[in-house]
Amino acid sequence: MGDLLVRPLEPYDTDEAAAVWWRSRHTEDSQLPPAIHTAEQVATWFADVLLPDAQTWVALDDGRIVAVLTLDGDDLDQLYVAPDAAGQGIGSALVDLAKDLRPGGLALWTFQTNTRAQTFYRRHDFREVRRTDGSANEERAPDVRMVWGNHPESEPT
């Protein structure tokens, strides 16, 4: 890995960032349910929703987007690292950025099947606060709510 650059998503990034999201969701060993939208719909979502919200960052290695982070208020809404860049500390760098940007606390959802993500977030001091049957998410897949810091959903300690 060369020098990692993290910056806000720009209009010219949306297709490449969406492709990272898509590849991450569809790797051979993915623990995620398949996306319910097409690759084209995901690219449109990046351009029409994530870009204008100005809460999405990309990580670039040698000029190539290798990861995407989206915050939605105090929710860490999206964190995807390109499969060929996984395990190099890029996701950790983006979690650190999210914590710096939301020092009051963060929450996130991950699918129950995604045990690698749960382990990753636990290493970054997130803790599980509840599980659901998935009826409230688009994929209808059971999920896990995790929080970090003094997020309002934190259980009293």
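Helices (H or I, at least four residues) and strands (E, at least two) are DSSP runs, numbered from the N terminus.

This is a predicted model, in which local features need pLDDT of at least 70, side-chain atom pairs count only at pLDDT 80 or more, and totals for chains, interfaces and linings use all residues. Residues are numbered from 1 along each chain as its sequence is written, and side-chain values use heavy atoms, with hydrogens and water left out.

**Helix α1**

- The buried residues of α1 are Thr14, Ala17, Ala18, Val20, Trp21, Ser24 and Arg25. Buried means under 20% relative accessible area, exposed means over 50%, and partly exposed lies in between (1.4 Å probe, protein chains only).
- Those residues sit on the same side of α1, because they cover an arc of only 150 degrees around the axis. The arc is that of the directions from the helix axis to the C-beta atoms.
- An α-helix has 3.6 residues a turn, so residues three or four places apart point the same way.
- The cover over the buried residues of α1 includes α2, β2, β3, β4 and β5. Contact means heavy atoms within 4.5 Å.

- Which residues of α4 are buried? They are Ala117, Gln118, Phe120 and Tyr121.
- The buried residues of α4 line one face of the helix, because they fall within an arc of 160 degrees seen down its axis.
- Among the elements covering the buried residues of α4 are β4, α3, β5, β6 and β7 (143–148).
- Just after α4, Asp125 takes a positive phi of about 70 degrees.

**Two positive phi values**

- Most residues other than glycine have a negative phi.
- Asp125 is not a glycine, yet its phi is positive. Asp125 sits in the loop between α4 and β6 (127–132). Asp125 counts as exposed, at 52% relative accessibility.
- Asp62 is not a glycine either, and it has a positive phi of about 50 degrees. Asp62 belongs to the loop between β2 (56–61) and β3 (64–72). Is Asp62 buried or exposed? Asp62 is exposed, with a relative accessible area of 67%.

**Thr70 and Leu50**

- Thr70 lies in strand β3. Thr70 is buried, at 4% relative accessibility.
- Leu50 is in helix α2. Leu50 is buried too, with a relative accessible area of 5%.
- Leu50 and Thr70 are 20 residues apart along the chain, and their C-alpha atoms are separated by 7.6 Å.
- Not counting residues up to four places away in sequence, Thr70 touches Leu50, Gln55, Thr56, Asp75, Leu76, Asp77 and Gln78.
- By that count, Leu50 touches Leu9, Trp45, Gln55, Thr56 and Thr70.

**Two buried loop residues**

- Ala85 is in the loop between β4 and α3. Ala85 is buried, at 3% relative accessibility. Not counting residues up to four places away in sequence, Ala85 touches Val66 and Ile90.
- Gly134 is in the loop between β6 and β7. Gly134 is buried, with a relative accessible area of 1%. Leaving out residues up to four places away in sequence, Gly134 touches Arg140, Ala141, Pro142 and Asp143.
- Gly134 and Phe111 are 23 residues apart along the chain, with C-alpha atoms separated by 8.4 Å.

**The largest pocket**

- The largest pocket holds about 1,400 Å³ of space. On a 1 Å grid over the protein atoms alone, a pocket is an open set of points where a 1.4 Å probe fits, with protein on both sides within 12 Å along at least five of seven lines.
- The lining of the largest pocket has 48 residues, and Leu32, Leu79, Tyr80, Thr110 and Asn114 lie nearest its centre. Lining residues have an atom within 4 Å of a point.
- Which element gives the largest share of the lining? Strand β4 does, with 7 residues.
- By class, the lining has 21 nonpolar, 17 polar and 10 charged residues. Ala, Val, Leu, Ile, Met, Phe, Trp, Tyr, Cys and Pro count as nonpolar, Asp, Glu, Lys and Arg as charged, and the others, Gly among them, as polar.

How values were computed. Points joined across faces, edges and corners; volume = space filled by probe spheres on them.
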